[in-house]
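Subject: Structure handover

Hello,

Here is the structure we spoke about. Please have it open while you read the notes below.

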Amino acid sequence: MAKQPKYLSLNGKVVPYEDARIHILSPAAKYGAGVFEGIRGYWNDDQEEMYIFRLKEHLDRLQFSMKVQRIADCPSSELLTEKLIEVLHANKFRETVHIRMTVYVDGDGDQGALGPMGYAIAALPRPLPEAVRKGVTAQISSWTRIADNSVPARVKCNANYINGRLASMQAKADGYDASIILNSRGKVAEGPGMCFFMVRDGVPVTPSATNDILESVTRTTLIEIFEEYMGLKTVERDVDRTELYDAEEAFYCGTGWEITPILSVDRLPVGKGAVGPVTRKLQEHYFNIVLGKVKDHAAWRHPVFGKAKRARAAE
Ligand SMILES: Cc1ncc(COP(=O)(O)O)c(C=O)c1O
């Protein structure tokens, strides 16, 4: 169980963690009628600063999700940013956190209810997962990825996540760490909560945006990092299942999964069955950037305690 913070933000107010509740008959609880973002706040100990990674891109995607879900009176990105910073300050975090920003349909409405809207922002301490260093085993799930014309994966809606949950539970029951889900055309889509990359013949490859994937912020970031720092151009295309058995390297990516190497698929080793050199190099560049260890891409990092730190220095 994740370490709980002291406070979270509910409908614009900082409240004790235990006091953030919704009604059991709300469309959010009944149907999963809500949208959300998972965002990281990376703590840099040397600079005594937390950097929120690509906040603008996450807020833009949240606005898109709210639009498609036709949520009434959507909170603005400016308001959500202000409330996020407020709750991070209230908790006085000095560690890396995973932020969950949710906009949901409250009240006791039916399935078609558009509002009233509620919103909550929580940040939970989350250190670097072991799996990022060591890698995981993966299974091709027997569940099919939700399709764009039924439950669109591009929209980060709470209810979507039952699909990934089924796949995750199957993987665990079958003795794997994680799963890879194929879409209705039988092509590789993504994992539950993360996108997929492989390196084949030295080239990074990832399923294209029309393969029933969430258009991941991390995926876009890695495509840029590959090109800028490693001179590798990513190919976005359909990916067949058997290509995974032939790849030199493979990894998951996402805000929560960061860059998690995949060591085997269906118990067939990926490459040498160990973390590959391309994945390791990519991780190095990625963590340098998200943690603010290098000056590059400063616009991707939203500092949280800048003012507080300056004030402390002046005391
Ligand atoms: C289904 C799914 N795919 C991919 C991702 C990765 O997206 P991002 O990099 O924006 O976190 C996520 C969320 O982390 C997700 O929930």
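One term before anything else: buried means under 20% relative accessible area, exposed means over 50%, and partly exposed lies in between, with a 1.4 Å probe and protein chains only as cover. By that scale arginine 70 is exposed, at a relative accessible area of 63%.

Two notes on the source. This is a predicted model, in which local features need pLDDT of at least 70, side-chain atom pairs count only at pLDDT 80 or more, and totals for chains, interfaces and linings use all residues. Residues are numbered from 1 along each chain as its sequence is written, and side-chain values use heavy atoms, with hydrogens and water left out.

Overall build

The chain has 9 helices and 16 strands. These are DSSP runs, numbered from the N terminus: helices are H or I with at least four residues, strands are E with at least two. The radius of gyration is 20 Å, close to the 20 Å that the globule rule gives for 315 residues, so the chain is as compact as a globular protein of that length. That radius is taken over C-alpha atoms, and the rule is 2.2 Å times the number of residues to the power 0.38. Along its principal axes the C-alpha trace spans about 55 × 55 × 30 Å.

Buried residues make up 51% of the 315. Contact means heavy atoms within 4.5 Å. Of the contacts with a separation of 6 or more, 71% join residues 24 or more positions apart.

The cores

A nonpolar core is a set of buried Ala, Val, Leu, Ile, Met, Phe, Trp, Tyr and Cys residues joined through side-chain atoms within 4.5 Å. The largest one has 28 residues. Met50, Ile52, Leu84, Leu88, Ile99 and Met101 have the most contacts inside it. Six elements each supply at least two of its residues: β3 (34-44), β4 (49-53), α2 (55-68), α3 (77-91), β5 (97-105) and β6 (117-125). A second, separate core has 23 residues, including Cys195, Phe251, Ile259 and Trp300.

Which residues does isoleucine 52 touch, beyond those up to four places away in sequence? They are Ile39, Arg40, Gly41, Leu84, Ile85, Leu88, Ile99, Trp300, Arg301, His302 and Val304. Isoleucine 52 lies in strand β4 and is buried, at 0% relative accessibility. Its C-alpha atom is separated by 8.0 Å from that of tryptophan 300, 248 residues away along the chain.

Isoleucine 99 has its own list, again leaving out residues up to four places away. Among its contacts are Glu37, Ile52, Leu84 and Ile121.

Isoleucine 181 is also worth a look. This residue lies in strand β8 (residues 178-182) and is buried, with a relative accessible area of 0%. The C-alpha atoms of isoleucine 181 and isoleucine 140 are separated by 6.1 Å, and the two residues are 41 apart along the chain.

Backbone details

- The peptide bond from glycine 115 to proline 116 is cis, with omega near 0 degrees. Proline 116 sits in the loop between β5 and β6.
- Arginine 70, in the loop between α2 and α3, has a positive phi near 50 degrees and is not a glycine.
- Aspartate 266 has a positive phi of about 55 degrees, although it is not a glycine. Aspartate 266 lies in the loop between β14 (258-265) and β15 (268-269).

Best wishes
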